[in-house]
Every structure is written in structure tokens, then in C-alpha cells.
Amino acid sequence: MFSLSVLLLTLVLLNSRLLISAETVVTCDGFVQRLSCDTGVISVQSATYGRTSSQICSIGRPPSETSNTQCSIDVTAVFKRCNGLRECESQGLALKDPCFGTYKYYTTNYICIPAETSVTCHGGYSYLKCENGKIQINTANYGRTDKTTCSEGRPSKQLQNTNCYSPNALAPVSKSCNGLESCEVFATHTVFTDPCFGIYKYLAISYFCLPPGVRSSLVCEHETSALNCALTTAELTAAHALLDDLLLSLPKLTATP
């Protein structure tokens with residue numbers, strides 16, 4: 001399923017002639033990590049917390065806090081928080097300390113992928129549309145991940161929880177919109193479960209416009225699906241070549257602070 005998703009994304013990029021920008025952001029422990037895309041949306045490729053170099057985030061630190069370079073754990077919360085957004089801030093998302101006494105840092109690798117976005121405050125309708133092609137949902141969340149979106153006129157107490165995610169948002173949005181040229185989704189807890197009672201929520205969606213000829217398949221767990229491909233050998237070769245270029249590209253290193 002992962003390979004199919006990557007191939008679909010590659011075909012979208014091939015059709016749109018857009019380039020993916022790859023970024024690596026390193027943030028010292030205790031500071032806010034910021035990811036952003038000038039165009040497109042964030043797609044996190046990896047996120048770790050620990051220390052694999054004695055040089056990074058070492059200024060002012062004694063050798064005892066930087067000598068352990070065999071310290072690293074994955075931070076899956078970064079994927080959940082940032083994927084599908086144009087900008088994302090996070091701090092202290094690691095759930096445990098992988099090496100007590102060592103000064104650590106967060107390392108996040110991400111790419112900016114060409115996708116449309118939609119944000120709808122609670123009680124409104126989200127309208128998605130593709131001028132050329134069919135909708136393919138990338139990410140969806142009904143909740144709150146910052147204090148500014150859909151905040152006008154709301155008391156501060158309704159904006160404080162920025163770690164609010166609906167556990168089932170992707171499925172109903174995909175069911176309502178995938179394969180269509182346009183669709184609408186009602187942003188309310190009657191469609192999605194209420195992930196944070198008392199917090200004013202919004203529906204955030206990112207989606208692709210798949211070019212004609214590209215198909216998608218949604219398969220439930222323990223079920224099977226037959227896929228067939230009408231793409232020519234030349235189209236597949238071009239798509240795989242673009243994917244190879246992406247995987248071989250060297251990300252730009254941005255260290256914060």
C-alpha cells in the first residue's frame with residue numbers, strides 16, 4: 001500500500017511538473033521546532049529525538065552531555081502534528097528520554113508536496129474541488145493544532161488544547177470525496193468524534209487532484225482488492241525515474257536555534 005501511495009504521488013508530481021523540496025530541521029532540546037512549506041504541504045519522512053553527533057547542539061555543553069552519540073528514538077507524534085499543513089510548530093513531543101544525562105535534539109526530515117488545503121471552522125461546510133482531475137484525500141483532522149486558526153471571538157479557554165486530533169477523520173472524508181471532482185464535508189462532531197470536549201475545533205484537509213488515468217483504491221483491513229494498471233511502460237518508467245531522483249536528492253540542513 002505504501003508503494004502504491006508513493007507511485008500515485010510520483011505520478012501527480014510528474015503530471016504537474018512540480019519539484020519536491022527536501023528539508024532537514026535540527027532543533028536543540030527545549031526550543032520550538034518549526035517546519036514550513038512555501039508551496040504545497042508538509043510530508044514528514046522521519047523524525048527522531050536523541051544524539052548521533054557530538055558537534056550538533058553542543059555549544060556551551062560539557063563533554064559529558066555530548067559524548068553519547070548512540071542515542072536516538074523515533075518521534076511519531078511529529079507526523080501526526082505536521083503532515084498536511086503548510087506550517088507547523090512543535091516542542092517536547094518525545095514520550096521518553098532515550099539517554100538520561102545527554103543533551104539531545106530533534107531531527108526532522110520532511111518534503112513539501114503539491115497539495116490543496118481546506119480549513120473549515122466547526123459548524124461550516126468544507127468544499128473541495130479539482131478543476132482538472134479527481135480528488136484524493138491526503139490528510140484530514142477535526143480538532144485543533146494551534147491557537148490562531150478559527151479563533152476570532154472565541155474565549156481563550158476554548159483555544160488552549162493544541163494537541164487535539166480526531167481518531168477517525170480521514171475515513172469519512174475519503175469516503176465522501178475520493179474519486180470525485182468536487183465534494184463537501186460538514187465540520188461537526190456528528191460526523192467526527194469529539195476529540196477534546198470544550199475546545200473549539202476546525203476541520204483541516206489536504207488533498208491531491210489526481211490527473212486523468214490515475215486511479216486510487218481504498219481497502220479495509222483483512223479484505224483484498226484487485227488492481228490493474230493502464231499506464232504505458234514509458235509512463236511508469238518516467239514515474240519511477242522521478243521517484244529515484246527524489247530519494248537520492250540531498251536535503252538542505254537547517255539547524256535551529
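Val-173, Ser-174 and Cys-177 are buried in helix H3 (residues 170-177). Buried means under 20% relative accessible area, exposed over 50%, and partly exposed in between, with a 1.4 Å probe and protein chains only. The three cover an arc of only 100° around the axis, which puts them on the same side of H3. That arc is taken from the directions from the helix axis to the C-beta atoms. On the other side of H3, Ala-171 and Lys-175 are exposed.

The model is predicted: local features need pLDDT of at least 70, side-chain atom pairs count only at pLDDT 80 or more, and totals for chains, interfaces and linings use all residues. Residues are numbered from 1 along each chain as its sequence is written, and side-chain values use heavy atoms, leaving out hydrogens and water. Helices (H or I, at least four residues) and strands (E, at least two) are DSSP runs, numbered from the N terminus.

**Around H3**

What covers the buried residues of H3? The cover includes strands S8 (125-129), S9 (134-143), S10 (182-186) and S11 (202-210). Contact here means heavy atoms within 4.5 Å. H3 lies across S9 and S11 and runs at about 150° to S9. Axes are lines fitted to C-alpha atoms, for helices over the stretch in contact, and angles run from 0 to 180 degrees between N-to-C directions. Gly-179 follows H3, with a positive phi near 85°.

**The open sheet**

S9 and S11 also belong to an open sheet of 3 strands, in the order S7-S11-S9, with antiparallel pairing. Two strands pair if DSSP finds at least two bridges between them. Strand S7 (116-121) and S9 are the edge strands, each pairing on one side only. From one strand to the next, the twist averages 20°. In S11, Ser-206 stands opposite Thr-117.

**Strand S3**

Why is S3 (residues 41-51) largely enclosed by the rest of the structure? Of its 11 residues, 8 are buried, so the strand is largely enclosed. S3 pairs with S6 (residues 105-113) and with S4 (residues 71-74). Ser-43 stands opposite Ile-111 in S6. For Gly-50, the bridge partner in S4 is Ser-72.

| Pair | Bridges | Sense |
|---|---|---|
| S3 and S6 | 9 bridges | antiparallel |
| S3 and S4 | 4 bridges | antiparallel |
| S7 and S11 | 6 bridges | antiparallel |
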